Amino acid sequence: MTLANRVAAEIEEMPPASAVSLQVGVDFYLDAIRAVIDIYASKRDIEVVYVTATISYQAITDILKALEIDSSKVHFVDCISHTMMSSSMQGSQVLFVESPTMLENIMLKTEYLLRKSGEKEKLVLLDSINSLAIHNSNNVLSEFLHIFVSSLRSRNVNTLILSVMEHTSQELSNMVNLVCDSTIRAREEEEPK
Amino acid sequence: MVEDERGRERCRTGIDALDNILYGGIPRSNTILLTGSCGTGKTSLALEFLLHGAIEGENSMFISVTEASEKLLANIIPYDFFDKKLMSGNKLILVDLPMIYQRLGLVKAELSMEEVGLLVSSILDLIKELKVKRLVVDSITSIGYKLKTQEKIRDFILKLAKGLSTAGCTSILVSEVSTGSEAYSTFMVEEALADGIILMGNMERRGDLLRTLQVIKMRGTTHSRAKYVLDLTPVGVLLVPLLKGGGGG
């Protein structure tokens with residue numbers, strides 16, 4: 001079983017309304033995103049809200065397109081394009097937040113997309129806690145995670161919080177663990193040969 | 001006292017988060033001051049309150065003081081739940097106050113005490129005739145400029161609020177304050193006379209500008225007094241708590 005398949009299998013076992021910490025090695029970051037989108041948006045008919053603070057909506061969709069992964073059921077909250085002063089053309093699949101420091105607006109845009117998606121099963125992918133930690137203090141980030149995850153849980157929405165192991169301090173890891181029900185760890189060298 | 005509060009009938013605003021903040025909605029027949037500086041979303045919120053009322057079958061009236069209603073409609077957010085049939089069916093009624101001024105012959109720059117009485121009576125007659133259960137006046141500040149003195153403004157609001165309450169009409173008076181103002185109203189009497197005050201603002205935090213909402217007072221119900229961040233969207237006003245660790249206001 002490949003690492004991507006193992007992660008995919010573990011994610012598929014997420015019970016409803018749960019929050020899972022997905023800790024990946026830096027080499028596995030793109031594969032992890034691909035695995036999540038492929039399972040949820042392509043194979044299972046689930047609406048995905050992808051909150052990106054790491055790479056722009058445009059870059060992610062280009063990658064998914066190159067990998068021939070259907071991302072039509074993915075809606076993006078892009079909170080990095082404005083900050084990078086890069087092109088942020090409005091599209092039907094994306095809402096922009098001016099800065100990763102506007103954590104309340106991330107919650108509001110996510111809420112809007114969830115309301116628009118109706119009664120379907122939903123998943124929110126937060127990519128990544130490391131990027132948000134660059135722009136926000138641990139205090140406010142911890143408060144944000146608590147409110148955000150609790151609110152999603154109360155609405156039966158699954159949450160996946162992505163973090164990159166090599167860039168995650170113990171304090172940040174504890175913060176994520178506090179709001180999550182379980183952890184999936186995925187790094188190339190951890191796989192049995 | 002608690003029993004009385006629980007027993008008070010509510011007028012649900014239809015804005016879920018605001019209804020939660022107010023433990024079910026605005027106490028029926030209350031007159032609320034919706035105040036804030038420009039660009040904070042007052043008109044959008046007030047209009048949404050009326051739209052939800054109209055959808056629920058309550059006759060709802062918007063009295064526009066400065067802006068023509070056609071222009072208002074052209075500029076509002078394209079709400080998913082807005083249906084023009086609400087207007088043709090007289091569920092949503094838009095009234096331009098300058099038309100009333102003209103009909104009553106109130107053409108002078110400043111109204112007399114008698115004319116204030118006449119204006120209130122005309123508005124209340126409309127409310128009763130059209131069986132209006134929700135009213136928005138946008139803005140009370142603009143009317144205040146025509147009344148000039150605190151005495152006349154006080155008289156206008158007192159008579160209007162009493163008449164609206166008797167008619168079972170829940171109302172929102174939109175108030176404009178200048179940016180950075182500590183007061184909730186321009187003439188200082190509006191805030192004292194209203195049953196409730198909802199304050200909307202623009203809060204700057206580390207270079208980010210956030211729209212905020214806070215319920216300052218609301219007679220007839222317990223309510224949260226915390227500050228919330230809001231977004232104006234096609235599904236309506238959305239609110240989330242202001243993160244305390246974020247600093248600022």
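Visitor: How many disulfides does a search of the whole structure find over all chains?

Guide: This is a predicted model, and a disulfide would need two cysteine sulfur atoms within 2.5 Å. The sulfur of Cys79(A) lies 17 Å from the closest cysteine sulfur, that of Cys180(A), which is too far for a bond. For Cys11(B) the closest cysteine sulfur belongs to Cys169(B), at 8.5 Å, again too far for a bond. Over all chains, the number of disulfides found is 0.

Visitor: Is Cys11(B) buried or exposed?

Guide: Residues count as buried under 20% relative accessible area. Cys11(B) has a relative accessible area of 0%, and therefore it is buried.

Visitor: In which element of chain A is confidence lowest?

Guide: The mean pLDDT of chain A is 89, and 94% of its residues reach 70 or more. Confidence in chain A is highest in helix 6 (residues 138–154), at a mean of 97. The lowest mean, 80, belongs to helix 1 (residues 3–12) of chain A.

Visitor: How many salt bridges are counted between chain B and chain A?

Guide: The contact involves 20 residues from chain A and 22 residues from chain B. About 1,700 Å² is buried between the two chains, and carbon and sulfur atoms give 62% of that area. One of the salt bridges pairs the side chains of Lys109(A) and Asp231(B), at 2.9 Å from N to O. Between chain B and chain A, the count of salt bridges is 4.

Visitor: Which strands of chain B each supply at least two residues of the side that touches chain A?

Guide: Between chain B and chain A, 8 residue pairs are in polar contact, both residues being at pLDDT 80 or more. On the side of chain B that touches chain A, the strands that each supply at least two residues are strand 9 (208–218), strand 10 (227–233) and strand 11 (236–241).

Visitor: With which side chain does the side chain of Thr101(A) make a polar contact?

Guide: Thr101(A) is located in the loop between strand 4 (94–96) and helix 4 (103–116) of chain A. At 13% relative accessibility, Thr101(A) is buried. Beyond its neighbours within four places in sequence, Thr101(A) is in contact with residues including His135(A), Arg205(B) and Arg206(B). Its side-chain polar contact, at 2.5 Å, is with Asp208(B).

Visitor: Why are Glu10(A) and Arg6(A) separated by about one helical turn?

Guide: The two residues form a salt bridge, with their closest N and O atoms 2.5 Å apart. Glu10(A) is partly exposed, at a relative accessible area of 28%. The separation is about one helical turn because Glu10(A) and Arg6(A) both lie in helix 1 of chain A, at a spacing of 4 residues.

Visitor: Which residue of chain A forms a salt bridge with Asp80(B)?

Guide: The closest N and O atoms of this pair are 3.1 Å apart. Asp80(B) lies in the loop between helix 4 (69–75) and helix 5 (85–88) of chain B and its partner in helix 4 of chain A, so the pair joins two chains. Asp80(B) is partly exposed, with a relative accessible area of 46%. The partner in chain A is Lys116(A).

Visitor: Which residues are joined into one network by salt bridges that share partners?

Guide: Arg155(A) forms a salt bridge with Glu111(A), at 2.4 Å between the closest N and O atoms. This pair links distant parts of the chain, the two residues being 44 residues apart. The network consists of Glu111(A), Arg115(A), Arg155(A) and Asp16(B).

Methods:
Residues are numbered from 1 along each chain as its sequence is written. Chains are lettered from A and ligands numbered from 1 in the order in which they are written. Side-chain values use heavy atoms; hydrogens and water are left out. Buried means under 20% relative accessible area, exposed over 50%, partly exposed in between (1.4 Å probe, protein chains only). pLDDT is the predictor's confidence in each residue, from 0 to 100. Contact means heavy atoms within 4.5 Å. Buried area is the accessible area (1.4 Å probe) that two parts lose on being put together, summed over both. A polar contact is a pair of N or O atoms within 3.5 Å; within protein, one must be able to donate a hydrogen and the other to accept it, and residues adjacent in sequence count only if both atoms are side-chain atoms.
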